[in-house]
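I opened this entry to keep track of what I looked up. My notes follow in the order I made them.

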Amino acid sequence: MKIPTSRLIWLAASLALVASHSRAACSNQTLHGKYAFTVTGQILTPPPVAGPVSGVAMTTFDGSGGLMQVDHVIHNGALPVEAWRPASGSYSLNADCTGWMTIVPHPSNPADGSPELKLYIVVTRDGNIVNTVVSGAPLLPAFSANILSNGIRKESDE
């Protein structure tokens, strides 16, 4: 039985369309594994903490809405007291790959403390890239910021 070429092209295009739609939907399971983040921006208010922020973080998403993280963030040119500050948190992804996450720092040294952070996120490339913006602190002390971060999933064999 011979299938006409036009029918094969139509079938291939239909399968590609179905595959692209099936990859487009996100859920908490989309984020899983370790992600390397670059952090940059500025705390705008209040004046005592206002200033530039830059750093890196390694975040592990569990695929079920939980996360663990270590970060090294430089604030106003000052190095953190501890090299890698631990944190935990949660996240939620919508089907359109938008969502939010919270990060709760757990510093070993209280001098590295900071408030819980709320971030809005957009996930792309089948969960391999996470773009974030800090929306502020859901708890006190309140602040305003312009802090962005971009994360890339590490290769599974690393």
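**Disulfide**

I started with the cysteines: Cys26 and Cys97 form a disulfide, with their sulfur atoms 1.9 Å apart. I noted that this is a predicted model. The structure holds one disulfide. The pair links distant parts of the chain, 71 residues apart. I found Cys26 in the loop between α1 (5-24) and β1, and Cys97 in the loop between β4 and β5.

I then checked the handedness. The torsion about the S-S bond of Cys26 and Cys97 is about 85°, so the disulfide is right-handed.

Are the two cysteines buried or exposed? Cys26 has a relative accessibility of 11%, so I count Cys26 as buried. Cys97 has 9% and is buried as well.

**Confidence**

I looked up the pLDDT next. The chain averages 87, and 82% of the residues score at least 70. Over residues 17-22 the pLDDT stays under 50. For that stretch the model has zero contacts beyond four places in sequence.

**Nonpolar core**

Which residues touch the most other members of the largest nonpolar core? Of its 24 residues, they are Leu31, Phe61, Met101, Ile121, Val123 and Val130. I traced the strands behind this core: β1 (32-45), β2 (51-62), β4 (85-93), β5 (98-105), β6 (117-124) and β7 each supply at least two residues. The largest share, four residues, comes from β1.

Leaving out residues up to four places away in sequence, Phe61 touches Leu31, His32, Gly33, Tyr35, Phe37, Gly66, Leu67, Tyr91 and Met101.

**Ser149**

I moved on to strand β8 (residues 144-153), where Ser149 is found. Ser149 has a relative accessible area of 7%; the cut-off for buried is under 20%, so Ser149 is buried. What does the side chain of Ser149 make a polar contact with? The partner is the side chain of Thr132, at 2.3 Å. Not counting residues up to four places away in sequence, I list Phe37, Thr38, Val39, Val130, Asn131 and Thr132 as residues that Ser149 touches.

**Val133**

My last stop was Val133, in strand β7 (residues 129-136). Its relative accessible area is 33%, so I put Val133 down as partly exposed. Beyond four places in sequence, Val133 touches Lys118, Leu119, Tyr120, Ile147 and Leu148. I also took one distance. Val133 and Asn146 are 13 residues apart in sequence and 7.4 Å apart in space, C-alpha to C-alpha.

Note on methods:
Residues are numbered from 1 along each chain as its sequence is written. This is a predicted model: local features need pLDDT of at least 70, side-chain atom pairs count only at pLDDT 80 or more; totals for chains, interfaces and linings use all residues. Side-chain values use heavy atoms; hydrogens and water are left out. Buried means under 20% relative accessible area, exposed over 50%, partly exposed in between (1.4 Å probe, protein chains only). A polar contact is a pair of N or O atoms within 3.5 Å; within protein, one must be able to donate a hydrogen and the other to accept it, and residues adjacent in sequence count only if both atoms are side-chain atoms. Contact means heavy atoms within 4.5 Å. pLDDT is the predictor's confidence in each residue, from 0 to 100. A nonpolar core is a set of buried Ala, Val, Leu, Ile, Met, Phe, Trp, Tyr and Cys residues joined through side-chain atoms within 4.5 Å. A disulfide is a pair of cysteine sulfur atoms within 2.5 Å.
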